[in-house]
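The following exercises concern a protein model.

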Amino acid sequence: MNTAVIDVSKLPAAVEDHTSPIWWGNLFMLFIETTMFALLVGTYFYLRMNFTNWPPVRSDVALYRTDPDLGFATANLLVLIASCVPMFIVDRACLRMDLRTVRLGMTAMVLIGLGTIALRFFEFSGLKFRWDDNAYSAVIWTVLGMHLLHLITGTAENLLMTLWVWLKGLDIRHARDVRVGAAYWYWIAGVWIPLYAIVYFGPRWL
Amino acid sequence: MNVSHAPVSSLSAPNEQAERALSALWTRPPGLIGWLCSTNHKDIGRRYIVTAFIFFGLAGLLAAAMRIQLAFPENHFLGPDLYNQFFTVHGTTMMFLFAVPIMEGLGLYFVPLMVGTRNAAFPRLNAFGYYAFLAGGLLLWGGLLVNAGADAGWFAYTPLSGPDYSPGHRVDIWADMITLTEISALAGAVVTLTTVFKQRAPGMSLNRIPLFVWAQVVTSFMIIFAMPAVMLVSGYLAMDRLAHVNTHFFNAAEGGDSLLYQHLFWFFGHPEVYIIFIPATGMVSMIVETFSGRRVFGYPVMVLSLIATAFIGFGLWVHHMFATPIPLLGRSFFSAASMMIAIPSGIQIFCWIITLWTGRPRLRVPLLFVCGFILLFVLGGLTGVMLASVPLDLQMHDTYFVVAHFHYVLIGGAVFPLFGALYYWFPKWTGRMLNESLGKWNFWTLFAGFNLTFFPMHILGLHGMTRRIYTYVAETGWGNLNLLATIGAGIIGVSVLLFVINVAIALGRSAFTDANPWLAPSLEWATGSPPPAYNFYNLPSVSDAEPLWHSPEEKPVVVGLSTEKREVLNTTVIDAVPEHRYELATDSIWPLALAIVVGLTMTFVIFTPWAIPAGMFFSLIVLYAWFWRGNEPKFIVEAAKPKPQISAAQTSLAAQA
């Protein structure tokens, strides 16, 4: 048996970039989640057709005073967009295997994540409707709630990686995991831009 | 052609010692705990197939009970309440617990073998997917056993399924079962896609991927874009129904909309049909190729047809809603799209016929099932084109004509190829052949029984017999055809029993040694039957689409992967050029633990919304343990340690095989 061989022992044992399977797995998961949000947006506009006033009128509140509050919501959106900067710094630091920056940056990301989760609860109180008031409130509560689940998941993931880098340091596999987590975080922030626009400006402009 | 019955020797271990070392690295720990911890794609694929087949049998028993009830006018075998539960659980089981999981299970078993790698990507996610599916099945059938079987149809339309018309918890069980089984389907899709994109053998560029693998890729993409719709809509339904949540998605009084339910359900539900059918076309392509002894005619056209089917499949859903008030333009569009999808399916049928025509077909049992498939699927496809026409559909809506149509496409289009595939790949799983003449009996009884059961339903539908009725009066004149259908159902039962007997007899015999008994061209036949835990000792490389038909011994093999860690080779997405190595996760108990947490969450959420935060909390704890490298509980590690004498016996067994 003298078959030619392809010797792969000199190939890298792990990589940090988009050629890694975990990067692809994360991409497919984001396809799933993006589809889900797209269908939620479809639900929003479908239900809109059943209403004359959007948001619906409430007997105890003057007309047009039921639009959702912008304050905490806009603050949260800005925090989320701004959070991409430290995330990106960590992302780059992983390529340099810069342990100190990764440790501090990940700690900051956990705190920012907890902050956005807290702000989200204030957002709920500014919606002016309970989830069980009508179909309008059902869909906006669900949009905010589904995105909240991602904030919790993303923050929990960052917390896990933060614990790891403080306790065990940084190797190429975990640097890759941090970077995949960063890609997830960019998506969490990015997907909120159109959702914020729909939930908070839909009632004002539609 | 240079085809051998033995495994390709350049892919096998050079000596027994090397074989034993690699085998020890990739084999799951012994005992029950090892079994529960397994992350090997072959274990998981086999579990999906066996579990789904058991659900097929159970749902078949429900069908038999319904046929007995309908055999005579004004029969009293089942009451209306039990009948509602039976047809709902029958349909739900066949779609969510049989058809999708068995197709995915075959993919999870064969895709890694066919692309020439050692295990599927994300082995723990893969294991979790199976347990989540099992949890969903236990929930649905557990409900039926305590007289809480879902009873609002497999699609659970609102307002019937809403809180006003379906009090109790039957529909909640249905909705939460959906979440569990769809988590499983999505996990399997991500595993399959990543395996195909990143772990193909060097040289297996996109135009050399076996058609079965292409079919699994297209199906996985469909799952990714379709399944979120049903998870979302069943979630809305559960929230509308759940005490203390009580949203109004479907409550017309508060601006909700029942048609929204139908749109979202069928946005999933129609692609679902293709999620079941496309893998079956992949099996047909493999069987046709092997038994006609030539390359499938029109490979690029076949691949493009699969992709076209997937795209068009997302543009048909409204044809399930022609009887609802939708705009005329919408009807025309969806009517045209529904007729258009016949084109790519028709192209595939012609390609298979040309392949058989220009090859030298050997009419063995798998090919027999494929011939049955071609005939029955064309019949089902034709009634599909008829139902795509709006005026005709309005007449036929909710009659037995529709029941006949979709059983022709689902049984003819998916179950026949599936049986063909089970006969085709049985020697790969077990190293034993199924009996050929018993197989022919199996085929002919299934063919006869199927047509006897479902062909009369076309006529019953034309005569106005509606679906989901538990009985009818004698004056309708439906009695004779219904009795005929019931006799046919009995013959189908005998046929499935013949298959089970055939399997039992084969398993009772000793193993044979042919690795490639059908002289097939694809890589799963290049290794032993059953394959070793590591699949290939040296990974293969590929330079054409039928590697085993063109001097397999002369192709270069891959060497240099770790023998201490579970390492696989990653290649580039388009051309499959070696890129880097990748260490896969080890066997673990955490996937099972997570499935238990998620399963309990979805059970308790029937009663209280607080199950969700509690479930999230426990899930996060389990996930932390899962991801923290090298963190298996001590008692598991202890229990999984091989006991010396057993281990020696096992290696001597392995050496004999």
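**Exercise 1.** How many residues does the contact take from chain A and from chain B?

*Solution.* The model is predicted, so local features require pLDDT of at least 70 and side-chain atom pairs pLDDT 80 or more, while totals for chains, interfaces and linings use all residues. Residues are numbered from 1 along each chain as its sequence is written, chains are lettered from A in the order in which they are written, and side-chain values use heavy atoms, without hydrogens and water.

Step 1. Contact means heavy atoms within 4.5 Å. Chain A gives 53 residues to the contact and chain B gives 61 residues.

Step 2. The two chains bury about 4900 Å² between them, with 72% of it on carbon and sulfur atoms. Buried area is the accessible area (1.4 Å probe) lost when two parts are put together, summed over both.

Step 3. Of the area that chain A buries against chain B, 13% comes from Ile6(A), Pro21(A) and Phe28(A), more than from any other three residues.

**Exercise 2.** State the strand order of the open sheet.

*Solution.* Step 1. Strands are DSSP runs (E, at least two residues), as helices are (H or I, at least four), numbered from the N terminus. Two strands pair if DSSP finds at least two bridges between them.

Step 1. The three strands follow the order β1(A)-β2(B)-β1(B), and the pairing is mixed. The edge strands, each pairing on one side only, are β1 (5-7) of chain A and β1 (539-540) of chain B.

Step 2. β1(B) pairs with β2 (residues 557-559) of chain B in the antiparallel sense over two bridges. Leu539(B) stands opposite Val558(B) in β2(B).

**Exercise 3.** Describe how helix α8(B) packs against helix α14(B).

*Solution.* Step 1. The axes of α8 (residues 258-292) and α14 (residues 400-430), both of chain B, come within 9 Å and cross at roughly 45°. α8(B) is therefore oblique to α14(B). Angles under 35 degrees count as roughly parallel, over 145 as roughly antiparallel, 65 to 115 as roughly perpendicular, and the rest as oblique. Axes are lines fitted to C-alpha atoms, for helices over the stretch in contact, and angles run from 0 to 180 degrees between N-to-C directions.

Step 1. Residues in this contact include Phe277(B) of α8(B) and Trp425(B) of α14(B). The contact comprises 15 nonpolar, three polar and no charged residues. Ala, Val, Leu, Ile, Met, Phe, Trp, Tyr, Cys and Pro count as nonpolar, Asp, Glu, Lys and Arg as charged, and the others, Gly among them, as polar.
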